[in-house]
Amino acid sequence: MKNRPFFATSTAMVVAFATSAFAQVEDAAILETYANIAQAGYEDSLTSAQKLLAAVDSLVADPSDLTLQAAQVAWRAARVPYQQTEVFRFGNAIVDDWEGKVNAWPLDEGLIDYVDASYGGPTDENEIAVLNVVATPQFTLSGETIDATEITPALLSDTLHEADGVEANVATGYHAIEFLLWGQDLNGHAAGAGARPWTDYATGDDCTNGNCDRRGDYLRAASELLVSDLTWMAAQWDEDGAARQALLDDSKAGIDAILTGMGSLSYGEQAGERMRLGLMLNDPEEEHDCFSDNTHNSHYYDGLGIQNVYLGAYQRADGRLVEGPSLSDLISELDPVLDAEMRTKLSQTMLKLGRIKTAAEAGLSYDMMLERGNDAGEALVMGGVNALIDQTRTIERIVSVLGADGIEIEGSDSLDNPGAVFE
Amino acid sequence: MFKPALFPMSSIFAAAMMASSALAGVLDEPHLDIVPRTPEEAARIAAVTAMPVDFTAPAAFEEMSAGAATVRATDVRDVFSHASENLGFDEELTFKLGNGLFKKVWVSSPSSTLASDGLGPIYNARSCQRCHLKDGRGHPPSGPDDSATSIFLRVSIPGKPEDGIAEIEDYIATLPDPVYGSQLQDESVAGVPAEYRFEVAYQEVQVALSGGEVAQLRVPSYRAANLGYGPLHAEAMLSPRVAPQMIGLGLVEAIPAADIIANADPDDVNGDGISGRANVVWSTEFDQPMLGRFGHKAGQPTITEQSAAAFSGDIGISSSLFPAGAGECTVMQTACQSATHGDGDVREFEIDDEGLDLVTFYSRNLGVPARRDVGDPQVLRGKEVFYDTGCAACHQPKFVTNRLADGGAQSFQLIWPYSDFLLHDMGEGLADHRPEARATGREWRTAPLWGIGLTEQVSGHTFFLHDGRARSLLEAVLWHGGEAEVARDAVVDMLPEDRDALIRFLESL
């Protein structure tokens, strides 16, 4: 059983380690390291998104194979720090309420730009799945006429994103940009990623697939939006930032948030929705970075982020290392065997995710692993799934050790506690 | 105005009457593995579910609408999409896999993605999420240019006595339309005609309220246009249905049937003008009569069965419970019958039991957000008005769920759904004149009110009732007729500030 901080004062069992007599590592110090890692991670994500924006500007100003490739390289680099911040979801409300804008997937890419004829069609009942905003300066949405003559960040975030309440109408974030840089991956389970020609951004007669200027506008608007969203999030982790303050205001809930994020990302999100579902459906579209075939890296750096917050260390993009007192330090004082077990499990996960990455970089991309009957591919993916599940078992034991040491069962009838539940 | 129907004496009397004779199976809960309540628990439950006497402060536990399963009330659009707060990490995985299938867009057969094909051949939507937008309510089309995906028409014709179900007393025999089946689908795969186009027209009427205020209601009229398979049966009965919100369903499923029946008063023995009848339906899953809990007329007994029926009727996806590959097509619809279906591969059905279980688990665990502003003076005043006006007679505030042997998120929670899950005559204005099991053409299941104040945040609209005709909470109240007419008239006549407070209370749910 895990706990989350939202009702931490009310739920039956609260991870309430605090300052036990013999522990030398203070909750506050652990939380400071954790917040420092978050701040550095979002700052690195911001810096790399700014580089991506600059590369996009170059592509639009001077379209060529070279500038397109440079933008793709910048996008891949931007994923490295960002994926390591995903462990701050599932426990930090500020991150949870914001995340859908930057990393939503899967998406109906036909909303944004042209798609292959085999993809849906105009009779598809999600009409806006084939809307193609790039080619359509004016259209009707939920009965209202939308003027998209100018493609602005506000148009993407306020009008198009999740249009009509359909979650697949993803108009913003990393994956929208990914689609605009790579195009659809039409190779199914075979080798190869999306192969958008640079001429999709060319001017004049060189322009392929039409509306190159509007395509460039969309790409630029989405990149600008990513920068502004990351600017906001990085600021939440400043010394006075709301996310950092929320953690420090209630250190018990803060420690709980670390463990909840580790467990929820490992188990439900990564092992479940992002890995096992793809195997269940054998669907090449069920991969996280499906246009660029970068999924192996997304999974790898998600896993690394989990390890980071337990060990209290994060490798920054500029070479500096952010480190400090960690959850591992605390657990090694309380139960050294359990700490060793957690470290081993996290290493195992990184080994298994590393194997997926190794195979993918050597040519067996993640969508190929998902093919029905590809036993080796399935074994690779399941290796990651099982390691992630296995490490969550140890996270649960840590939750119970911390709970058992300083457990607080809240009086459920407490009148000064509006969040109490009957039990 | 307070309703004696809520008092234990009459409730026990009613329950005893029903259980002993006609309603075989209604108290059976084969879908749950129940730990019987101890006398001590029963006493605690009676105390905690008693009607409030103090409206100056929130009641204990009132903020937590779904007990320990309650989720944080965020201010973003996906506030209905979170898993029960008290799930473990492993259950969260099951929830996420279910979410993947809930969002999944099904494709027509044959397709290279075997696990995703089987759509239709006729259908209303290609994914669950497409109607249950953001896990919230659907809506009628905003105009001729808007899609009607999250609303459709049910259809049936009167049956003969032998078409009824002998085991269920007062079962109203109906049959599907011989050509169109029991639901009209407005989409179809290539080569198969769609059944119709959904059309609605509204006529505005004014309702004078106290204090010189005036409300507008829109009276809908429905038409099944562009019928693809010839005319409907001469006696066809149509009923519009908008997709309901998805939150809290697992908790509804875990309410003791006896506690629901305890509020029934089918013959209005206590003379308060409010009956409350249980719907009893034939469970395909358990092959027996069961209490109907889900749907606008309480026509489905369990979440599994509701989900499987929706897969079949709405998307055309077969399952072990509803195995027809052609979905809801009748034998008269030959192109549909002879089209390629997605079953018969390694999964056998278009969605296998594993997939159906995942979607069921997901549906069972969409969390109910916490109340907001429970201590606000206007909210508290509105709460008092809600009780004084008699709303709580049907919109039963509280239940305690069964204690379940395998524990789980739904076990033994004090919940605040604001529904008795019974059928009530809602008057001519809302009547669809289309019976469903024991529900007459004037009866509807009391709609749960939890989460109702977040509708605009989640869905971007405030369309309520079974067909979304009400454009605000006040309009929804004003549509109440039949058994609720007295309460509705009280709202019309009350001081405007009390009416505002009542709405403010509803918005805090």
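Here are some questions and answers about this predicted model.

Me: Which residues have the most contacts inside the largest nonpolar core?
Reply: Happy to start there. In soluble globular proteins, nonpolar side chains tend to be buried together. Here the largest nonpolar core has 162 residues. Those with the most contacts inside that core are I260(B), A278(B) and V280(B).

Me: What is V280(B) in contact with, leaving aside its neighbours within four places in sequence?
Reply: V280(B) belongs to the largest nonpolar core. With those sequence neighbours set aside, the contacts of V280(B) are L23(B), G25(B), V26(B), I168(B), P289(B), L291(B), G292(B), A437(B) and R438(B).

Me: How many residues are in the other core, which lies apart from the largest one?
Reply: Among the residues of that other core are L52(A), A104(A), A221(A) and L330(A). The count for this core is 91 residues.

Me: Where in chain A does pLDDT stay under 50?
Reply: Chain A averages a pLDDT of 88, and 88% of its residues score at least 70. Two stretches under 50 can be named, and the model has 10 contacts beyond four places in sequence for one and 25 for the other. The stretches are residues 121–125 and residues 404–415.

Me: Is the peptide bond from W105(A) to P106(A) cis or trans?
Reply: Most peptide bonds are trans. P106(A) sits in the loop between α4 (100–103) and β2 (138–141) of chain A. Omega for the bond from W105(A) is near -15 degrees, and the bond is cis.

Me: What is omega near for the peptide bond from G120(B) to P121(B)?
Reply: In chain B, P121(B) is found in the loop between α3 (89–103) and β2 (122–123). The bond that joins G120(B) to P121(B) is cis, with omega near 10 degrees.

Me: Is F61(B) buried or exposed?
Reply: F61(B) is in the loop between α2 (39–48) and α3 of chain B. Although not a glycine, F61(B) has a positive phi of about 70 degrees. A residue is buried if 20 or more other C-beta atoms lie within 10 Å of its own. Because F61(B) has 25 C-beta neighbours inside 10 Å, F61(B) counts as buried.

Me: What is the phi of D135(B)?
Reply: D135(B) lies in the loop between β2 and β3 (151–158) of chain B. D135(B) is buried, because 26 other C-beta atoms are within 10 Å. Most residues other than glycine have a negative phi. D135(B) is not a glycine, yet its phi is positive, at about 60 degrees.

Terms used
Residues numbered from 1 in each chain as written. Chains lettered and ligands numbered in written order. Predicted model: local features only at pLDDT ≥ 70, side-chain atom pairs only at ≥ 80, totals over all residues. Core = buried A, V, L, I, M, F, W, Y, C linked by C-beta atoms within 7 Å. Buried ≥ 20, exposed ≤ 12 C-beta atoms within 10 Å, placed from the backbone. Contact = placed C-beta atoms within 7 Å. pLDDT = per-residue confidence, 0-100. Helix = DSSP H or I, 4+ residues; strand = E, 2+ residues; numbered from the N terminus.
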